[in-house]
Amino acid sequence: MSDRTSAATANRPIGPRMPGSAAAPPASKPDDLWPSMKRLFGRLRPHRFAVGVVLLVATISVVLTSIAPRMLGQGTNVIFDGIVGKQLPAGLSKEQAIEGLRANGQNTFADMVSGMNVVPGMGVDFGALGRVLAIVLALYLGSALLMWLSGFLLNIIVQGVVRNLRAEVERKIHRLPLRYFDSHARGDLLSRVTNDIDNVSQSLQQTLSQLLVSVMTVIAIFVMMMVISPLLALIAVLTVPLSVVVTALIAKRSKPHFMSQWKTTGELNAQIEEAYTGHELVAVFGRSREVEARFQEKNEQLYQSSFRAQFFSNMIMPSIMFLGNLNFVAIAVIGGMRVASGTMTLGDVQAFIQYSRQFTQPLTQIGAMANLLQSGVASAERVFAVLDEDEEAEDLLEAPQLSGLEDAGVSAGGRVEFSDVSFSYSADSPLIENLSLVAEPGQMVAIVGPTGAGKTTLVNLLLRFYDLDGGKILLDGVDIAEISRDDLRSRTGMVLQDAWLFGGTIRDNIAYGRPDATEEEILEAARMSYVDRFVHSLPDGYDTVIDEEGNNISAGEKQLITIARAFIAQPSILILDEATSSVDTRTELLVQHASAVLRSDRTSFVIAHRLSTIRDADVIVVMEDGRIVEQGSHEDLLLARGSYYRLYNSQFAGAEV
């Protein structure tokens, strides 16, 4: 077990917690919605030209759609003019017909006729009506095709943005220090990379197209309404500021709940992932009820935050629709009065009522999109939080390459020196202080000590997973801080206590240590690690596919494969962190013999609790509280009757009784 893991166990809640699933710190609430939204939409900047094309196409589509109601109004005028004209005596002019109506006391009817284009005695002009309907059909068809093209182009843009965002997060994860993964729940991080990015994609896809069309529709329809009747247009516009105020007030109330919803979703994912991974452990210790209780508590939190977020955000659309209905009533009453007075035609009023409906509909849609947009921005903030994390310190621009040193004749045999090294995971809890240690090329250095002594931390520092607080580590006389991480780690093979295999064949898993390895080199590594002994009992031999959980082979067999993977890498430095803990006693002896051959020309660090595995080590280092309290050979340390002597007796004295 790593020292950082053991140090964190004191404050854990009841129930198992798998490695890498430490509780994530609470996400800070953002100060404002707009900066995050600006940052999210700023990712469209590289696609400026494509966005411009979408704007142009969408604008033309909206203009065509906006003209259509006015044309339909003209069609209504043709029908109404024909109906009214049929009722008037034939052979008269329009003016004569109006005078006759006034003479008969029908002043209101006369005022209405004065504002119409009627021919007394003539019915509906179906030829003119057909031409109007053909134009309307062409307008709607052209608008639909252009809207489809706009949506197609926008889909390409949005998916490109999301693809780049996902790739950026992937690259970022590889640049994050190990400290970040130690302090964040694995399930929460997976939720940010998957659920949150998917939600950003969905939000952008729906809100961009809808908002774009809605805003342009509002502008185009306002222009058309001003052309028809400035008075009615001003009445219709009165609902806009009211709608904006209502949307802003409700959005302000719902934003914290959306943040809580996605934060709790990540925590719940982390908890589920943890419980699933440790299912057997939960069952063995009979903690299923407690795990279920924790799940129910977190699930209830998610329900409450989701309910409140949706409740407040869903108030936007009904509120705006109510304002729109009030606007519709006002326009219908005033429009009817103007038709009766002859100052407007029936077709214009019909077109205006349709425009007023289309005018409030985009406002309603914008309000509805505010719901989805807030959810997307909340997810984007969680993704941006990962992108804003501090990265590992950059390698020096002119970092010396170990291969270059070898070519220059500088020895690169694997001499490792820890010189006055100090390190702590947190500033108030020092772990390693002023530690010095030298490992000569070809030596096997065993590191032993109680849990939390700093054993695993020591090799993590050697691999530059963490940066030193003080002192330095030299590899063949070169400070590892001056060597690129890739070059340093390419010369280091590591086998951990927890065997990690990916879904693939046994051959692929062994070759992971060196992708360009030949078939013979793979087989040789398998023979040296005794993988060859059990692989032939499998149905497909080296082509046996290991499932995602590695359940089709035993724990010991998985560990042997990881050892073979380290063998094939041919590293200058070999690190075995409890590498034989899952291997039976007989296999452990075989691995020790193979390791002796592998260590012949390279430095080895072996972290072990089972002291039987390190008796033949050249140097045994005993650590306590981050300090080296003893070092020497197995025999010398037993004679010294110190810490190592007590550790050794604690393991073997009981066995002799």
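The legends below describe close-up views of a predicted model.

**View 1. Confidence along the protein chain.** The protein chain has an average pLDDT of 79, and 87% of the residues reach at least 70. Residues 1-31 form a stretch in which pLDDT stays under 50, and the model gives this stretch 65 contacts beyond four places in sequence. A further stretch with pLDDT under 50 covers residues 404-411, with 5 contacts beyond four places in sequence. Where pLDDT is low, the predicted coordinates should not be read in detail.

**View 2. The open sheet of 4 strands.** The strands follow the order S2-S1-S4-S5, and their pairing is antiparallel. Strand S2 (432-439) and strand S5 (478-479) stand at the edges; each has a single partner strand, so one side of each lacks a neighbour in the sheet. Strand S1 (residues 416-423) is joined to S2 by 5 bridges in the antiparallel sense. Within this pairing, Phe-418 has Leu-437 in S2 as its bridge partner.

**View 3. The open sheet of 6 strands.** Here the order is S6-S9-S10-S3-S11-S12, and the pairing is mixed. Strand S6 (492-495) and strand S12 (627-632) are the edge strands, each pairing on one side only. On average, neighbouring strands of this sheet are turned by 15° against each other, direction ignored. Strand S11 (residues 619-624) pairs with S12 over 5 bridges in the antiparallel sense. Ile-620 has Gly-632 of S12 as its bridge partner.

**View 4. Helix H16 and the strands it lies across.** Helix H16 (residues 455-462) is mostly covered, with 8 of its 8 residues buried. Among these buried residues are Lys-455, Asn-460 and Leu-462. H16 lies across S1, S2 and strand S4 (470-475), and its direction is at about 115° to S1. H16 also lies across strand S3 (444-448), S6, strand S9 (573-577), strand S10 (603-607) and S11, running at about 150° to S10. Arg-464, which follows H16, has a positive phi near 65°.

**View 5. Helix H19 and its buried face.** In helix H19 (residues 519-528), the buried residues are Ile-522, Leu-523, Ala-525 and Ala-526. Seen down the axis of H19, these buried residues fall within an arc of 160°, so they line one face of the helix. They pack against three helices, namely helix H18 (506-511), helix H20 (531-535) and helix H21 (555-569). After H19 comes Tyr-530, whose phi is positive, near 65°.

View 6. Most residues other than glycine have a negative phi. Gln-570 is not a glycine, yet its phi is positive, at about 50°. Gln-570 is located in the loop between H21 and S9. Arg-641 is placed in the loop between helix H23 (634-640) and helix H24 (643-656). The relative accessible area of Arg-641 is 56%, which is over 50%, so Arg-641 is exposed.

Methods: Residues numbered from 1 in each chain as written. Predicted model: local features only at pLDDT ≥ 70, side-chain atom pairs only at ≥ 80, totals over all residues. Heavy atoms only, no water. Buried < 20%, exposed > 50% of the residue type's maximum accessible area, 1.4 Å probe, protein only. Helix = DSSP H or I, 4+ residues; strand = E, 2+ residues; numbered from the N terminus. Pairing = 2+ DSSP bridges. Contact = heavy atoms within 4.5 Å. Axes fitted to C-alpha atoms, helices over the stretch in contact; angles between N-to-C directions. Arc of directions from axis to C-beta. pLDDT = per-residue confidence, 0-100.
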